[in-house]
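I opened this notebook to record what I looked up in one structure. My entries take up two topics in turn.

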Number of protein chains: 2
Amino acid sequence: MKEQTNKKNYESLKLGNQLCFPLYACAKEIVRQYRTPLAVLNLTYTQYIVMMVLWEHGSMTEGELGRIVHLDSGTLAPLLKRLEKQGYISRTRPASNERQLVIALTKTGEALKETALSVPEAMSECIDLPREDLLELKRLLDKALSRMDSKQANK
Amino acid sequence: MKEQTNKKNYESLKLGNQLCFPLYACAKEIVRQYRTPLAVLNLTYTQYIVMMVLWEHGSMTEGELGRIVHLDSGTLAPLLKRLEKQGYISRTRPASNERQLVIALTKTGEALKETALSVPEAMSECIDLPREDLLELKRLLDKALSRMDSKQANK
DNA sequence: CGCAGTATAATTGTGCACAATCTTTTATTC
DNA sequence: GAATAAAAGATTGTGCACAATTATACTGCG
């Protein structure tokens with residue numbers, strides 16, 4: 001009675017049954033594929049998404065930026081310093097609140113937006129799935145992400 | 001005639017229109033959520049997927065392992081050394097081919113499989129989506145990944 | 001046999017990711 | 001208005017990721 005059946009169910013530990021693994025592997029692979037088109041702009045993928053946020057919304061604090069791109073100060077602080085060094089952004093502490101760090105595009109950074117148009121174009125056929133699958137994939141991922149965000153928010 | 005219309009279409013550079021971003025953010029978030037259950041086993045997420053492959057398939061070379069988990073020697077070499085230090089795996093060069101590095105589970109590593117059953121259980125309700133969405137998401141990601149693999153293979 | 005070429009990992013260098021901690025500034029409360 | 005608390009970033013430490021290079025072992029061919 002005490003003895004358990006030896007035939008345990010290890011199915012849940014098989015790689016093929018994981019949802020997370022293809023998610024993780026796909027994300028890595030696509031980020032890797034961004035490298036070539038982004039090399040032209042001298043940006044990494046993470047730097048690119050930061051630039052995209054600034055192109056779309058203009059200047060904001062590091063904290064606001066971090067909330068949008070899901071990165072904390074430990075990642076953003078050095079990354080933003082590198083972008084500043086490249087001349088794409090400025091980092092300034094407003095007199096109104098010297099704790100904050102306001103990130104703004106420089107002229108060069110703003111101008112880079114033009115060149116950046118080549119990136120989504122080059123990447124457009126990167127994921128080799130029919131258009132309807134791509135849309136469905138995006139829908140599900142956005143949904144999952146927004147639920148995680150709201151879970152994050154009320155803790 | 002030479003002058004182009006100033007109203008450029010920057011839609012493709014908005015974060016909300018990217019497929020890659022939610023993929024990237026979701027993957028990070030889920031890997032982050034693995035931390036707590038994996039802390040019990042003293043494993044990182046990447047170490048965990050390596051262990052899963054070994055639990056399922058037994059020993060293999062570093063190269064074979066890398067092909068399965070999509071990681072190269074630059075990542076695996078130090079990771080495997082850490083797993084060896086923890087006593088979960090052994091790293092040996094077979095006499096038949098001393099270039100290769102055969103990775104095998106130790107008794108401790110094999111036994112860890114039992115404890116590891118708690119991980120998928122703890123994670124099961126991590127992505128807050130209805131079951132059918134999860135299945136669809138997995139299907140699409142597996143599809144995308146396998147196409148990338150085959151593209152990789154014939155180059 | 002000798003050596004050219006290939007296979008297999010290890011190493012190096014740069015950057016991301018994040019938990020934990022520390023620092024400085026602002027806000028609150030008595 | 002001084003003590004305390006909270007906010008906003010910076011720093012530190014560990015580990016992953018990957019391109020590029022290097023080191024060593026094997027393989028095949030003359």
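**Entry 1: the model.** I noted before anything else that this is a predicted model.

**Entry 2: the surroundings of DNA strand C.** I asked how many residues surround DNA strand C. I found 29 of them, and the closest are A:Arg82 and A:Glu98 from chain A, with B:Tyr24, B:Glu62 and B:Lys81 from chain B.

Entry 3: I sorted the residues of the surface near DNA strand C by type and recorded 12 charged, 12 polar and five nonpolar. I also looked up which helices supply at least two residues each to this surface. Chain A contributes α2 (45-57) and α4 (73-85) in this way, while chain B contributes α1 (20-39), α3 (62-69) and α4 (73-85).

**Entry 4: individual side chains.** The side chain of B:Ser73 has an N or O atom 2.7 Å from a base nitrogen of DNA strand C.

**Entry 5: the sheet of chain A.** In what order do the strands of the open sheet in chain A lie? I recorded three strands in the order β1-β3-β2, with antiparallel pairing. The strands β1 and β2 of chain A stand at the edges and have a single partner strand each, so one side of each has no neighbour in the sheet. I also noted that α2(A) packs on the sheet and touches β1, β2 and β3 of chain A. The direction of this helix makes about 80° with that of β3(A).

**Entry 6: the pairing in detail.** Two bridges join β1 (residues 60-61) to β3 (residues 102-105) of chain A, and A:Met60 stands opposite A:Ile103. Four bridges join β2 (residues 89-92) of chain A to β3(A). Among the residue pairs that I looked up, A:Thr92 has A:Val102 as its bridge partner, and A:Ser90 has A:Ala104.

Definitions and conventions
Residues numbered from 1 in each chain as written. Chains lettered and ligands numbered in written order. Predicted model: local features only at pLDDT ≥ 70, side-chain atom pairs only at ≥ 80, totals over all residues. Heavy atoms only, no water. Near = heavy atom within 4 Å. Polar contact = N/O pair within 3.5 Å; in protein donor to acceptor, adjacent residues only side chain to side chain. Nonpolar A, V, L, I, M, F, W, Y, C, P; charged D, E, K, R; others polar. Pairing = 2+ DSSP bridges. Contact = heavy atoms within 4.5 Å. Axes fitted to C-alpha atoms, helices over the stretch in contact; angles between N-to-C directions.
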